[in-house]
Amino acid sequence: MYFPYLHGMQKEMLALRQSITLLASEACVQPVIEPVRHVLASLRHTLQACESEGLTAWMVVNPMLQEFAGVGAAPALSWGRHLLASVSSPRRYLCPTLLLHAGVTPDVVRLFAQSYAGQVVGVVMAEEPQALMHLYEALQGVQVARVFLKHGPCSSALREALAPAQVVWVEPLDANMPEALKRVGMGGFLQERRFFTDAVSRFKDVGGAGFSDYTSLPSLPYPGGGPTGCFHLAFHQMGGPMDQALCLEFFVAERQFPPQRLAEARFIRALQLFHLALDRRDACFGPTEAVRRFVGCHIRGVPPTQAIARQWQLMHHLELVSGLLSGRFPPHSGAPAPR
């Protein structure tokens with residue numbers, strides 16, 4: 001099971017909402033949502049769609065990032081309870097999730113337990129788990145099904161201490177790009193391929209209940225780079241040192257176009273590079289619905305806007321991992337990309 005860690009931003013919610021039917025049918029992806037903004041409309045619509053379509057989602061009801069920083073755990077919990085209450089009942093697929101950190105008090109934990117007694121809930125540990133165990137032990141009367149660790153990987157001792165809840169590590173993007181994953185693309189300019197995770201192939205082998213990562217990735221692959229001239233997509237690496245790993249490829253065009261057409265020309269060139277990449281035999285890009293949309297833009301010669309491109313990137317990522325876990329995406333078939 002894959003638990004993509006999202007932050008409730010509009011582009012994320014739009015991408016998730018357009019993918020819900022497929023993700024629910026394959027039952028291999030369960031998003032974790034820790035909102036960073038007070039705005040409710042897009043998030044509420046997405047949660048309602050998850051409930052209606054039968055996609056299990058883990059909703060953090062006491063967020064602490066960005067607009068919730070400094071708000072306090074108790075007011076944040078009130079916000080989250082109000083949000084979940086606005087989704088039609090009975091709720092079978094939305095799992096209230098408590099974020100444990102140094103600012104959470106036992107009273108907040110008890111209120112959470114009272115509010116969702118008898119329901120399946122989740123817990124996110126944002127700090128060293130050992131320092132939060134006294135709060136975790138205050139959860140009485142609730143069925144904790146998942147514990148998501150943002151601090152680091154789970155040891156066997158910690159897994160035993162948190163049992164019977166199943167433990168999932170939220171894996172950050174590896175900021176270090178291995179030299180072996182760089183390559184020079186067509187025309188001599190740099191195409192960057194960055195290792196993302198190999199958990200997609202190994203989480204069952206190490207006894208994990210699933211794997212997770214932050215899917216809210218930076219939009220700029222290089223400092224100072226223009227977002228209208230590049231985009232990134234996840235792909236499944238096949239063969240070589242990162243066999244069966246999930247990687248990112250940044251499609252970046254060279255700066256050799258007239259200034260008045262720089263943004264549009266560079267993005268179209270980046271789309272051409274992506275189209276060429278679809279024929280590679282060492283990678284599986286899907287094909288996902290988002291890939292079809294990117295290819296469609298290439299064929300029409302009309303690049304998507306920055307906002308649309310970022311939305312499609314997340315759509316692609318979610319469907320790619322779901323397809324890999326469900327077996328829908330086999331290794332490269334050898335058939336050429338659509339012309």
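Two strands count as paired if DSSP finds at least two bridges between them; strands (E, at least two residues) and helices (H or I, at least four) are DSSP runs, numbered from the N terminus. The model described here is predicted, so local features need pLDDT of at least 70 and side-chain atom pairs count only at pLDDT 80 or more, while totals for chains, interfaces and linings use all residues. Residues are numbered from 1 along each chain as its sequence is written, and side-chain values use heavy atoms, with hydrogens and water left out.

Eight strands close into it in the order β1-β2-β3-β4-β5-β6-β7-β10, with parallel pairing. Strand β1 (residues 2-6) and strand β2 (residues 32-33) run parallel and are joined by two bridges. L6 has I33 of β2 as its bridge partner.

Next come the helices around α1. The axes of α1 (residues 10-26) and α2 (residues 41-53) come within 9 Å and cross at roughly 5°; axes are lines fitted to C-alpha atoms, for helices over the stretch in contact, and angles run from 0 to 180 degrees between N-to-C directions. The two helices are therefore roughly parallel to each other, a term for angles under 35 degrees. Their contact (heavy atoms within 4.5 Å) includes M13, L16 and I20 of α1 and L43, A49 and C50 of α2.

Helix α10 (residues 306-326) also packs against α1, at an angle of about 20° and with the axes 8 Å apart. α1 and α10 are therefore roughly parallel to each other as well. Among the residues making this contact are L14, L22 and L23 of α1 and L314, M315 and L318 of α10.

How values were computed:
Parallel < 35°, antiparallel > 145°, perpendicular 65-115°, else oblique.
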